[in-house]
Number of protein chains: 2
Amino acid sequence: MKRFLTLLAASLLSGAASIAVAQTADEPIQIIQPPKSINLGMVELGKKLYFDPRLSKSGFISCNSCHNLSMGGTDNIPTSIGDQWQQGPINAPTVLNSSLNVAQFWDGRAGDLKAQAGGPIANPGEMAFTHTLALGVLESIPAYVREFKQVFGKDKVDIDQVTAAIAEFEKTLVTPNSRFDQWLLGKKDALTADEQKGYALFKDTGCVACHNGEAVGGNSFQKMGVVEAFKKDDPATGRFAVTGKDADRFNYKVPTLRNVEYTYPYFHDGSANTLTEAVRTMGRIQLGKDFTADETRQVVAFLKTLTGDMPQFTMPVLPPSSDATPRPQPFPPKAAPAPAPKK
Amino acid sequence: MKRFLTLLAASLLSGAASIAVAQTADEPIQIIQPPKSINLGMVELGKKLYFDPRLSKSGFISCNSCHNLSMGGTDNIPTSIGDQWQQGPINAPTVLNSSLNVAQFWDGRAGDLKAQAGGPIANPGEMAFTHTLALGVLESIPAYVREFKQVFGKDKVDIDQVTAAIAEFEKTLVTPNSRFDQWLLGKKDALTADEQKGYALFKDTGCVACHNGEAVGGNSFQKMGVVEAFKKDDPATGRFAVTGKDADRFNYKVPTLRNVEYTYPYFHDGSANTLTEAVRTMGRIQLGKDFTADETRQVVAFLKTLTGDMPQFTMPVLPPSSDATPRPQPFPPKAAPAPAPKK
């Protein structure tokens, strides 16, 4: 965080930001703009909550379990593991740069990060808790009560404060300074010839129609399988589940391609293990284009230049539970022993 | 880490270390001595491995899952959650100050941290992987291969290097500067009157017979249930499982009481939820002493002064998998659809 702010200050002082605007105006991808207004008290509280598994029924699953900040903000498995090892229905999207998304979740059912943050806590297949129980845990921990009061100025902890703090922390999870952004900012040797060819292909073949803007995606909903059906047996319905409109069937939020080297496996079902496979499939089913091996290699090389500086922060130390804190329930209670049979 | 080294340097420069020896010579508890010789390259590599869930079959469980450094180096549940949500047989001991233990695991079956580190990776009830498969994952990740070579100077990654690096990181997880250590070092107002009374009780009633030394425990095996049986139906056998000697039945490594405020629930089965409960039970079954409510409160107050400075470090960013990296297996493979019944 500190490093990020330093970088921001340096950019502003050197006038790099205004140069950037001039240089990237013609490009369909823009450099990442850092958040303009951050409440640092909320960020520090939100960071603790993001890492706190006591917001789950089991006491084992935190936001960071599936949106792991050591691993590109994802869990790197096709679909996530929830309470009691339940298999999730969809691939966990990265939390990195998620503040740039037009909406949250693959189907956009949450309008912003704050609306998203409450979902997994109460989802029976994920953290399997309830907002009421989560608040009961937080209110039983004196250090949390003090920190909530300091940050929000109220005597009572409520779920709006919890989700607002988590969302504020998530706003800091942007990844500036990728080699591609350096190139956009004028460092012409930041990309190799192959990477530049890959970018040219990415533009010329039409990838940029959906993957554009600061996040190289995240800003529209599009049909998965425009030219060719994605998978004949794919049971997910995408944004149709939210709008009920037939036109939204199989529509998904276009994922960001920032740090895509870290966010494998790919697609809403996590079915593509490698970038090579993802690029070939996307070319075929979205653009009707069979990329050659060389073209695929070049597009993949370009995509890897979108890896930015990962958020750097000290791992939070969570305040300990008190004697009054309700204990987590990681396992079903043991059944009482059966009564001895009558003789 | 940096903070810790700074603190160490300050202590040495001011001559505090020699004062400490003089002042604590008469006390059964000594201040925590920082590790004398640390290989920083190994520490940084070991930190990544400690946080890397790719050392598990599922890709979901890392060392930090059960020895969570945001939560006192434990998981704060009675027994841990393993692969496929299996219930572990015993409470996860804290990794904090574990380098001070006479041996590792509750039954001491590993002689040191290095010997311990390989266990959970290959335990079918924990990370459920094999050393061979874990090495295959690491060797498929170019950034790991380079870092291992830099640190160990060999072309091949082996399990000895993996466990040595994890152990080296764990050696840094000491927690100096508790209020009790400050008191031992001469800051007489570091403890309240109640806390000092609690310490006097802790000594006078005999708790220190087992909970002594730098870690306030961790340096001997003792029978759980000296005066009174712990639980009539406790199925665990303790150190008997290692030595096969009847005298070792129900013997366990005495746990450290450093940061005990953070390491709930207590005992090898995690059956005591609060420090109050743990102190009362220990008094009764180990010492034949029924602590009064006031005495219990004072001993608990003393125990909370053993909370030191938690390790402070930047959360590691793990190198991404390559196309060649074997993918994790979080869920059993889907069964092939049953053939249609013949009509």
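This report describes a predicted model, beginning with the fold of chain A and ending with local backbone features.

## Basis of the model

Residues are numbered from 1 along each chain as its sequence is written, while chains are lettered from A and ligands numbered from 1 in the order in which they are written. Because the model is predicted, local features need pLDDT of at least 70 and side-chain atom pairs count only at pLDDT 80 or more, whereas totals for chains, interfaces and linings use all residues.

## Overall fold of chain A

Chain A contains 13 helices and four strands; these are DSSP runs, with helices being H or I of at least four residues and strands E of at least two, numbered from the N terminus. The radius of gyration of chain A is 22 Å, close to the 20 Å given by the globule rule for 343 residues, so chain A is as compact as a globular protein of that length. This radius is taken over C-alpha atoms, and the rule is 2.2 Å times the number of residues to the power 0.38. The C-alpha trace of chain A spans about 80 × 55 × 35 Å along its principal axes.

Of the 343 residues in chain A, 47% are buried. A residue is buried if 20 or more other C-beta atoms lie within 10 Å of its own, exposed if 12 or fewer, and partly exposed in between, with C-beta atoms placed from the backbone.

## Domains and chain contact

Chain A is assigned domain 1 (2–30 + 177–306) and domain 2 (40–171), with bounds from an automatic or database domain assignment. Their centres, taken over C-alpha atoms, are separated by 26 Å. The contact between them takes 26 residues from domain 1 of chain A and 21 residues from domain 2 of chain A; two residues are in contact if their C-beta atoms, placed from the backbone, lie within 7 Å. On the domain 1 side, α11 (240–243) and β4 (251–253) of chain A each supply at least two residues. That side divides into eleven nonpolar, ten polar and five charged residues. Here Ala, Val, Leu, Ile, Met, Phe, Trp, Tyr, Cys and Pro count as nonpolar, Asp, Glu, Lys and Arg as charged, and the others, Gly among them, as polar.

Chain A and chain B also meet, with 35 residues taken from chain A and 35 residues from chain B. The side of chain A that touches chain B has 19 nonpolar, twelve polar and four charged residues.

## Local backbone features

Most residues other than glycine have a negative phi, and most peptide bonds are trans. A:Q84, which is not a glycine, has a positive phi of about 60 degrees. A:Q84 is found in the loop between β1 (81–82) and β2 (86–87) of chain A, and counts as partly exposed because it has 16 C-beta neighbours inside 10 Å. A:V216 is also not a glycine and has a positive phi of about 55 degrees. The place of A:V216 is the loop between α10 (193–204) and β3 (221–223) of chain A; with 29 C-beta neighbours inside 10 Å, A:V216 counts as buried.

The peptide bond from A:Y264 to A:P265 is cis, with omega near -10 degrees, and A:P265 lies in the loop between β4 and α12 of chain A. In chain B, a cis peptide bond joins B:Y264 and B:P265, with omega about -10 degrees. B:P265 is placed in the loop between β4 (251–253) and α12 (275–287) of chain B.
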